[in-house]
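Below are my notes, in the order I looked things up.

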Amino acid sequence: MEQNNNAQVSKPEVNLNKKREDYLEWPDYFMAVAFLSAQRSKDPRTQVGACIVNSEKKIVGIGYNGMPNGCHDDEMPWGRVSDDILDSKKLFVCHAELNAVLNKNSADVKNCTIYVALFPCNECAKIVIQSGIKEVIYYSDKYKDVAEFKASKIMFDKAGIIYRQYKPSCDKIVIDFTKIDSYRSVDASTVDDLKDPTDTPTS
Ligand SMILES: [Zn+2]
């Protein structure tokens, strides 16, 4: 197997004395948080995440679709259709918007914005409206022809909720856990703001 012992080969083409230009913009960041939280979902068909943000651009709630507390994932049905509706997930799953609102770490979510992967269903639209959220930013509207989702728009329009589709500036964001170590190896001699954790303080 070929081994690469030359750390310089992987040195990125960035100016380490200037501000990064390819950082995440706020909307991309919040939508990405919604999509990342969706990765927690056990739903085999649709993984949806939601991220609630207040006027100070602080995240105050995150959620994804899943079974209610105490209803063990392994004991609940995950199929969408079944001869017996009690054998499908429909009556049981808590949608991402519901969980994000109920998971809030602030007193309320009044005047907040919710970033969500899928345009909200009618049940979630009611939760959005009643919780005081004022803006819905969604990625996909793939069920726009379904009655439940048409109902959401009727309610949002009447309640004065702003909703708009947002596509992040890139199609995918790769999270590379190993990147945090890269500058240490390629630039150790010039990095003075990242001390080796094993260094002993001198004062
Ligand atoms: Zn819903």
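I started with Glu 97, which is buried because 29 other C-beta atoms lie within 10 Å. My cut-offs: a residue is buried if 20 or more other C-beta atoms lie within 10 Å of its own, exposed if 12 or fewer, and partly exposed in between, with C-beta atoms placed from the backbone. Glu 97 sits in helix H2. For the record, helices (H or I, at least four residues) and strands (E, at least two) are DSSP runs, numbered from the N terminus.

What does Glu 97 touch, not counting residues up to four places away in sequence? I listed Ala 50, Gly 63, Ile 114, Val 116, Pro 120, Cys 124, Ile 127 and Val 128. Contact here is C-beta to C-beta within 7 Å, the atoms again placed from the backbone. I also checked Pro 120 by C-alpha: it is 7.6 Å from Glu 97 in space and 23 residues away in sequence.

Caveats for my own use. This is a predicted model, so local features need pLDDT of at least 70 and side-chain atom pairs count only at pLDDT 80 or more, while totals for chains, interfaces and linings use all residues. Residue numbers run from 1 along each chain as its sequence is written.

**Whole chain**

I counted 5 helices and 5 strands in the protein chain. Along the sequence they come in the pattern α-β-β-α-β-α-β-α-β-α. The chain has 203 residues, and 22% of them count as buried. Taking contacts with a separation of 6 or more, I get 63% from residues 24 or more positions apart.

**Core**

Next I looked for the largest nonpolar core, and it has 30 residues. Such a core is a set of buried Ala, Val, Leu, Ile, Met, Phe, Trp, Tyr and Cys residues joined through C-beta atoms within 7 Å. Which residues have the most contacts inside it? They are Ala 34, Ala 50, Cys 51, Ile 52, Ile 114, Tyr 115 and Val 116. At least two core residues come from each of helix H1 (26-38), strand S1 (49-53), strand S2 (59-64), helix H2 (96-102), strand S3 (113-118) and helix H3 (122-131).

I followed Ala 34 a bit further. Leaving out residues up to four places away in sequence, Ala 34 touches Gly 49, Ala 50, Cys 51, Tyr 115, Val 116 and Ala 117.

**H3 against H4**

I then turned to H3 and helix H4 (residues 147-159), which pack at about 20° with axes 8 Å apart. The axes are lines fitted to C-alpha atoms, for helices over the stretch in contact, and angles run from 0 to 180 degrees between N-to-C directions. So I call H3 roughly parallel to H4. The scale I use: under 35 degrees is roughly parallel, over 145 roughly antiparallel, 65 to 115 roughly perpendicular, and the rest oblique.

Which residues make the contact? From H3 I noted Asn 122, Ala 125, Lys 126 and Ile 129, and from H4 Glu 148, Ala 151, Ser 152, Met 155, Phe 156 and Ala 159. They divide into 6 nonpolar, 2 polar and 2 charged. In that tally Ala, Val, Leu, Ile, Met, Phe, Trp, Tyr, Cys and Pro are nonpolar, Asp, Glu, Lys and Arg are charged, and the others, Gly among them, are polar.

Beyond its neighbours within four places in sequence, Tyr 163 is in contact with Val 136, Tyr 138 and Phe 156. I put Tyr 163 down as partly exposed because it has 19 other C-beta atoms within 10 Å. Its C-alpha is 5.8 Å from that of Ile 137, 26 residues apart along the chain.

**Loops**

Cys 94 is in the loop between S2 and H2. Its count is 18 C-beta neighbours inside 10 Å, so I have it as partly exposed. Leaving aside neighbours within four places in sequence, I found Cys 94 in contact with Asn 65, Gly 66, Pro 68 and Asn 99. From Cys 94 to Cys 124 the C-alpha separation is 9.5 Å.

Asp 74 lies in the S2 to H2 loop, and it is exposed, with 7 other C-beta atoms within 10 Å.

Last, I checked phi. Most residues other than glycine have a negative phi. Lys 57, in the loop between S1 and S2, has a positive phi near 60°. Asn 111, in the loop between H2 and S3, has a positive phi of about 65°. Lys 57 is exposed, with 10 other C-beta atoms within 10 Å, and Asn 111 is exposed with 11.

How values were computed: Contact = placed C-beta atoms within 7 Å.
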